[in-house]
Amino acid sequence: MREARVPTLLVVDDDLVAQARLKAYFSQEGYRVLAADDGEGFWAALARDAVDLVLLDINLPGQDGLSLARALRARDAGIGIILVTARNDDIDKIVGLEVGADDYVTKPFNPRELLARVKSLLRRSGEHAATAEASTRPLCFGGWTLDLAKRRLIDINANEVALTRGEFEVLALLARHPQEVLSRDRLSRAVSGRDWDPQDRTVDVLVRRLRGKLDGGTGDDGAPSLIATVRGEGYRLAVDVTSAPSA
């Protein structure tokens, strides 16, 4: 019987003590752990090894973590990105999600909480990989096609529009339940595996980003959006969805 591949994490932190602690902790938990302390080391590690998830500190010398996250996401939509910041600043968190990070934690944090975040992100990634070969028909709505198996969003001109992991999770759940109001709790569980916190704007940021891709705007200026806000309740995909015919 084939053994499961051990996930590889890349810890990027210029605080060598913090870096060593994270490396030791996750190694003890059974992960293969690489480390880097700046952008140059970050790219070198990615060039050498297949990395499943990056724990990326925002405050790095030279190219900061947000810039690295943006550049990585533009190159690869599959690698998980968890931002680590010492600043308890919502702006950092929101910008981090805007550039394509999947999650974030604020220092100081409990290593067990970070481990739970890592496991959740890797589990969701593994679940999607396992179903990629399933006969799941793409979903069509409003001129768009969402290929659930290949995790691709295709426009009416057959062009692919890149989605981050979080964006895909939200859109896939909305598309599977068209015209149904989905609460932030339900969407948050799909994205991060945990219940929504009123102070957490992750779901709102992901919806805003999806609106920018689906209808060219935020949906906040009064123009109709494919994703409608239902105040006090959540969001719904405001168009009908059909399954694409079999090839």
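Let's start with strands E10 and E12, which pair in the antiparallel sense over two bridges. One of the contacts to look for here is Ser 183, whose bridge partner in E12 is Gly 234. Please keep in mind, as you follow along, that this is a predicted model.

Now, which strands make up the whole sheet, and in what order? There are three of them, in the order E10-E12-E11, and they form an open sheet with antiparallel pairing. Strand E10, residues 182-183, and strand E11, residues 227-230, stand at the edges with a single partner strand each, so one side of each has no neighbour in the sheet. As a quick reminder, strands of a sheet pair through backbone hydrogen bonds, either parallel or antiparallel.

Let's move to the other pairing. E11 and E12, the latter covering residues 234-237, are joined by four bridges, again in the antiparallel sense. If you want to find them on your screen, Ala 228 stands opposite Arg 236 in E12, and Ile 227 has Leu 237 in E12 as its bridge partner. These two strands form a hairpin, with three residues between them. Have a look at Gly 232 in that turn: its phi is positive, about 80°.

What packs on this sheet, and which strands does it touch? Helix H6, residues 165-176, touches E10, E11 and E12, and its direction makes about 65° with that of E12. Then there is helix H8, residues 202-214, lying across E11 and E12 and running at about 145° to E11.

Let's go now to a pair of helices. Helix H2, residues 39-48, packs with helix H3, residues 65-75, at an angle of about 20°, and their axes are 11 Å apart. Because angles under 35 degrees count as roughly parallel, that makes H2 roughly parallel to H3. The crossing of H2 past H3 is right-handed.

Who meets whom there? From H2 we have Gly 39, Phe 42, Trp 43 and Leu 46, and from H3 we have Leu 68, Ala 71, Leu 72 and Arg 75. Sorted by class, this contact has six nonpolar residues, one polar and one charged.

My last stop is the salt bridges. How many does the structure hold? The count is 11. One I'd like to show you joins the side chains of Asp 49 and Arg 32, at 2.5 Å from N to O. Asp 49 lies in the loop between H2 and strand E3, while Arg 32 belongs to strand E2, so the pair ties together parts that are 17 residues apart in sequence.

Thanks, everyone!

Technical notes. Residues are numbered from 1 along each chain as its sequence is written. This is a predicted model: local features need pLDDT of at least 70, side-chain atom pairs count only at pLDDT 80 or more; totals for chains, interfaces and linings use all residues. Side-chain values use heavy atoms; hydrogens and water are left out. Two strands pair if DSSP finds at least two bridges between them. Contact means heavy atoms within 4.5 Å. Axes are lines fitted to C-alpha atoms, for helices over the stretch in contact, and angles run from 0 to 180 degrees between N-to-C directions. Angles under 35 degrees count as roughly parallel, over 145 as roughly antiparallel, 65 to 115 as roughly perpendicular and the rest as oblique. A crossing is left-handed if the near helix is turned anticlockwise from the far one by less than a right angle, and right-handed if clockwise. Ala, Val, Leu, Ile, Met, Phe, Trp, Tyr, Cys and Pro count as nonpolar, Asp, Glu, Lys and Arg as charged, and the others, Gly among them, as polar. A salt bridge is a side-chain nitrogen of Lys or Arg within 4 Å of a carboxyl oxygen of Asp or Glu.
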